[in-house]
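Here is a short note to read alongside the structure. Please keep the 3D view open and find each residue as you go.

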Amino acid sequence: MIAPLVAAAVLAATVPDLQVPRGTSVGDAKARDEAGLGPLQVLKLLADEDVSGARSIAEPLLARNPSDHGARLAVGVLRIYEQRYDEAVRLLESSELGDPAGYLTLARAAQGVTKGHERYEGERVTVSYPKGKDEVLVPYLVEALEKQRAALERALGAVPPGKLVVEIVNDVKELSQLTTLGESEIRTSGTVAVCKFNKLILLSPKALLKGYEWLDTAAHEYTHLVLTWKSRNQAPIWLQEGLAKWFEQDWRGGGEPLSPVSAAMVRDAARKGTLVTFEEMHPSIAKLPSQERASLAYAEVVLAVERMVAQGGPPVIGTVLDLLAAGKDARGAVATALRIPFDRFLEDWKRHMVERPLPRGGEHELRKLRFRDDPKHGGTWSEWAEIQDEKARGYARLGDMMRARGRWAAARIELGKAYERVGARIPILSDQLALAALQSGQEQLAEKVLVDAIGWNPEYPALHVHLARLLARREDWARVQEHLLLANRRDPFDPEIHGGLARALKALGDPQGASREERFLRILLPEGPHP
Amino acid sequence: MSVAYGEIARVLGGARRRQVWIVLLAAAGFGAAAAVVCLLLGAAALGAGARGWVRGVALGGAALAASAAAGWAALRLLRTAWSDEAAARTVGAGEPALRSALVSSIELSRERADVQASGRFSVALLDAHVAWTAERARQVRLDQAVPARIARRGGVALLAALAVAGLAALGSGGALGKGFSRLLARAAAAAPSADPITGDIELTLRYPAYMRREPRTLSGTGGEIRAPKGTEVELRTRADRKVDQAEVEVTAEGDGGARPSSSLTPSPRPSPPASAGGEGGRRHLALSVKDGRDLAGKLLVEDAGSYRFRFLDRRGRAAAEGPPIPIAVEPDLAPEVRIVSPEREVEVDPAAVVRIEWQAEDDVGLAEVALVVTPPGGEERRRVLRAGADVRRDGGTVDLDLAPERLGEGEVLSYRIEAKDGDAISGPKTGASDTHRVKIYSEAEHRRQVLEKAKQLFDELVALLADRLETLAAGPVSTPDRLALAVQLDARTRQLHERMREVARELRRDRSAPRPVASALDNVAGSLRLAEQRVSGVRAPIAQLLRIRSQPDANLLGNMAAADGQLDAELEKGILYLEQLLDKQRAEDLVRLAKDLSKRRAELGDLLQKYRAAPSEAAKKELLARISRMKDRVKELLARMSETAKGFNDEHMNAEALAEMQKAKNLGGGLDEVEQKLAQGDVEGAMRALDQMASTLDKMLAGMQRTAGLPDEKARALMKEMLAFKDKLDQVKGEQEQTAKDTDAIRKKYQQQVAERSKKAEQKLKDLQRLAGEAKRDVDQAQPGVSYRAEPELDQSREALSDLERALGMRELQAAFETSLRAAPAVERLARFLEEDVPLAEQNPAYTRREPQLVREAQRHARDAVPKVREIRDELGRLFPDPRQLLGEGDQKKLDQLSQRQRELERQAGELQQKLSELAQQAPVFPPNAQGQLAESRGHMNQAAGQLGQAKNPQRGHGEQQLALDALSRFQKGLEDAARKGQGQGDGPGFPFPFADSGGEREGDGGDFNHEKVKIPGAEAHKVPEEFRRDLLEAMKQGTPERYRGDVQRYYEELVK
């Protein structure tokens, strides 16, 4: 968000004519033009993600003064927001203003990253993605974003007009190039998507070892775009993130806003007094020093919104955003909307964080947190390390050894011993036990274990995939589809998911869908896409 | 026979003769022509230089042609001229009617007599037919009927062949002639005389100068020469006749003598030229002839072959030839060299000096001996050890200093000893020893091998557990088939723990083997052994029951299942523990590997610095060689690292450490750059590249060191708990000692009281002792009639009465009273059994295996003994006081307190036992019988508390306390021993064991872990010291379990004696 302003400052310093005189109003193009304010205004509007507004100024400006450096710069930056990178590079280079605020670098990077991208043009969503297996993301992404758009329109009354552009990038390096965030910042904060420059930049789940909730994330980032537009970019970061988090699951009908781990984390921090302050969250949660702090910040702000909605009802959000757009600051907007002093709201919120009942699994996660904070165990990360009970961990390890040697019955027995001690809370244990049970012909046990484990860990894709595998044997295709879609929300590149979906859709009478999934399966198989 | 038939026979006879000639001539013509062709072809080939086998083929072909012709002729004659019928068919070949008439005439004429006798045909008609045929035969012209065309053709063929041969001979310019001469040489050569044409031959051998051998003269020989190549042989002999000229013809062995065999020395007269083209490798040496018969000459031995004497006439033609006389060449062999020591491959330290002992030998003489060294990746270097010594045998030692080679761990330098002889004739020959290898000792490699062994055992453990789990999960082990499976698994378990102990012993002998691994294997094996023995123990009775088709009861099966569960638990524990330990070792190995790499890089840096200071082509060459070696090393290390990192439990080696290892892959590229820059002469660039590599290496090493030691974290936690356990144990033991000390004070008071009482009852005791003697004699006298079933009672009675008599003699009231309590029932039982046996014996002696009389006697003696023993018991009961009567109230109160303390200690020991069990669950670091010892100690503590509390018996209470302390001490000692075993040499303890104070490790089999030193008494100690006797007596007074009392008593008696 800061880049356009920096550019403006750079621009102002570079082009003396562009000093902004006090009291100049927006609206008189000619006057602006004469005062040399046009380009600056364009950049300002772009900073607020008001691309149409910027366009209405910039295009005539360049038409009138095609050789004007400022006009070229303004339109060049506009072209970045329009994803017309070739033109952006050409205009920015010809502006002869160097690389103000890094826009030229950004344009060139975007040009390079998106070179060779495939493009999907939907009615309301355009997706630009690298050739290859990222194609499997497109239909799900488009569907999720369209649903989110409808949900936000219902909740907030309006969404930005025009198409949403999504650019999928291969890796952290590309994400860094397109977002201007540093690579280390991205890695530290665990940033996987950014809504910026009038588009949604999404890191492909293939860049992460175990994928991530990519559809929720896309919905989250799109919500940012809507909020920025709706509040005229006046919402502080805590409110932005809180609201985005609050709305991110609306595309799939909503749900618990906090995961067990986040709920546990926030309660722990509230008790210890190690919460992330609103000031620390500025300018971006992505700039917090660790993934844990970033997760904590998200949990805090969503609870702030939850508290706000609890106090003022769902319409309060629209009210706050309107007040912000009208120029009121966040404290005032919240206080006005809730009709209580802001400090009182803060106190209520902090109490809420401590007192809010933990979702299922929260107690366990809290213990896990402590376990990981323990220096004795903090050095190593292993999924098995989630098992706190040493004996159970030993059995699990033995089971793992048996599994590695293809001794499925023995693996089932050992993993079963571990499972008896810790129950279904540890997803990897449950998953491995279920797998061993399946392999050694104990389907009933496998199903029981998987169902219980999904209750505790609904986001763990392997559990869904293995349950779907089992259900497919019984030809319970509706449930197969349900579980595979849940798995796909986190691990979309597992060929088994798409293979299973193809079979399920065929059985459920959706030959088109089945055909698409079969194609995805071919794309994802190790030998690569078929001609 | 009729006249007509005679006419026919005449014609046929003429035809037969004609046919014979024609066939023979034809065969001769064609056969000879074919033979000529074969010979011509053979000669042509030989003339063109073909090998000798062509001769055989050509001659064979000619012979075959001749044979074929002869064969054809024979067959032909058989078919056309052998009999009258055949001749008839030949004559009538062109006229079938005539042929038929001739044949039928011959046959009918032969059967005429029979026809006439039988009257089958008309004889007249027969004669008429013959006459008619004879008439026809007379008209036959034999030159037409038997044509000579084929004979003519044979002749033409022969002529043609000869013509071709002649033309070829003319056209070949002598080559064909030479070919013919090679083809027919042997056949044509004049057969040498089988008999010698000379007398005895005197040979004087003058050896080549390099051999330094004296000339040797052999007289009266048959002329056979056996000498080394290059030897000059002087021949002297006498011809058997007067000769004008004589010579020696020398023939080499080989392919017909194409190559000259021996060179001749200049003869006294010019040697006649070798016969042109006919004699190949034969050479002629003219001999000097003196007085018409004395012959002399010289030849030089070069190759094996033969020679013969030839006498020539005045015109130089051979007049006589002697038989060939063999020439054998004595070979001059290459030297033989061997390295006596060290072994073919030795492992040494990098700075070692290897002493090489060598021996070399040559049949003639050694000219040079050298050591040839090949460093890894380098070129051979020769170092001459001896030169010009010219001895036949030599030997010595040479020191091979490895320090300048700068070899790294695991690198191999090869060497051999080479020796040359001084052969000036054929050129020096070289012999070499086997190539030996010096390998730089690599601890990492040894460790790896050791760990590989441990890993194999680990894998077997996992497989065994898997098999057990799967087998036992398949159903209860309660049928013979299922039980057999379980028994097989038990056998595998047994073999495995035995092998683990064996490997542990091996590891202890290997200096590089990590001690903790050996100890861990021992510990795991020990635990497994106990568990396996338990399982086998329960399994045996079940097997027995199943064998007799009886169903084992549920309790027994339950016990077996529980024992199986325990064995599985031990396996699980052992596997997890070993995995952790092996991972730790492997992690350490990874760090070692990285360190080794880093060290090598530093050495390379030094070399580069030196090169920069003083560049030279040699230094550059060495540098490049070192880089090449280092690249190999990097590759090897990377492979090892990758191999080592496989299969890590990610709890023990985190992803960060593994990622650090990945960085090592860039090292090869770094070295390439260094090499490239150096080759370009860019020393600065090479240094920079090396620095870059150093930085990568340092980071990698630091990262790995930081993360590779993760298994230690677990060990540290366990160590903390173990230390707490040790402190608690020390505390319990200290308190037990104090309690025993306090008890001892009261015990002494009690003993004093008892002693005073004994003094007062001296006379009574004497009487009782006498009575005991009498009772014993009674029992002894009963012995001959004691029946089989009463024998145990007799033994017990005799033993108890002996003890009783002895205790009374020693005035040990307590012991005497206790013994009397044991003796009385035994004697009573004996008397009762014998009383029952008397009527049985009287009924049938076989029932008792004793005569009734003897049984009656025995019963009487036993019966006599009963009142005596009872009296002793009762009297002693009266004399021996209850401790409560002897001790004051204060002391009894103290005993109550001590009893409470003792109970508290027993509780604490129980806690220790519980903790021990928990710790043992985490790691099998305790000796297998540790639990048992703690339990034993607790048992004695409990007993002591009872004795001190209710019984108020300080004597026995103290005894139990001492036993408790003894068990505690043994437990503690066992732990210390186990800890010492676990201590390595610089490896650290490996697993937590805080008991050992110091000292090295002691060898042991892991089962019997208490190795308390035993003092062997000297010769002066033949007399038992008084103090010792007292102690023993005191000890004897302490309580002994009922069933061991007799043994203990005898033991103490023996000691006192």
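1. Start with Arg970(B), which counts as partly exposed at 24% relative accessibility. Keep in mind that this is a predicted model. Arg970(B) meets Asp966(B) in a salt bridge, 3.2 Å from N to O. Asp966(B) is partly exposed too, with a relative accessible area of 36%. Both residues lie in helix α27 of chain B, four residues apart, about one turn of the helix.

2. Now look at Asp490(B) and Arg539(B). Their closest N and O atoms are 2.6 Å apart, in a salt bridge. Asp490(B) lies in helix α11 and Arg539(B) in helix α12 of chain B, so the pair ties together parts that are 49 residues apart in sequence. Both residues are buried.

3. Arg516(A) and Glu517(A) form a salt bridge at 2.9 Å. Arg516(A) is partly exposed, at 28%. Glu517(A) is buried, at 0%.

4. Next, a helix crossing. The axes of α12 (237–247) and α15 (291–312) of chain A come within 8 Å and cross at roughly 80°. That makes the two helices roughly perpendicular. The contact includes Trp238(A) and Trp246(A) of α12(A), and Tyr298(A) and Met308(A) of α15(A). By class, the contact has 11 nonpolar, one polar and three charged residues.

5. Finally, helix α6 (85–94) of chain A. Its buried residues are Tyr85(A), Ala88(A), Val89(A), Leu91(A) and Leu92(A). They pack against α4, α5, α7, β3 and β5 of chain A. After α6(A) comes Glu96(A), with a positive phi near 55°.

Terms used
Residues numbered from 1 in each chain as written. Chains lettered and ligands numbered in written order. Predicted model: local features only at pLDDT ≥ 70, side-chain atom pairs only at ≥ 80, totals over all residues. Heavy atoms only, no water. Axes fitted to C-alpha atoms, helices over the stretch in contact; angles between N-to-C directions. Parallel < 35°, antiparallel > 145°, perpendicular 65-115°, else oblique. Contact = heavy atoms within 4.5 Å. Nonpolar A, V, L, I, M, F, W, Y, C, P; charged D, E, K, R; others polar. Buried < 20%, exposed > 50% of the residue type's maximum accessible area, 1.4 Å probe, protein only. Salt bridge = Lys/Arg side-chain N within 4 Å of Asp/Glu carboxyl O.
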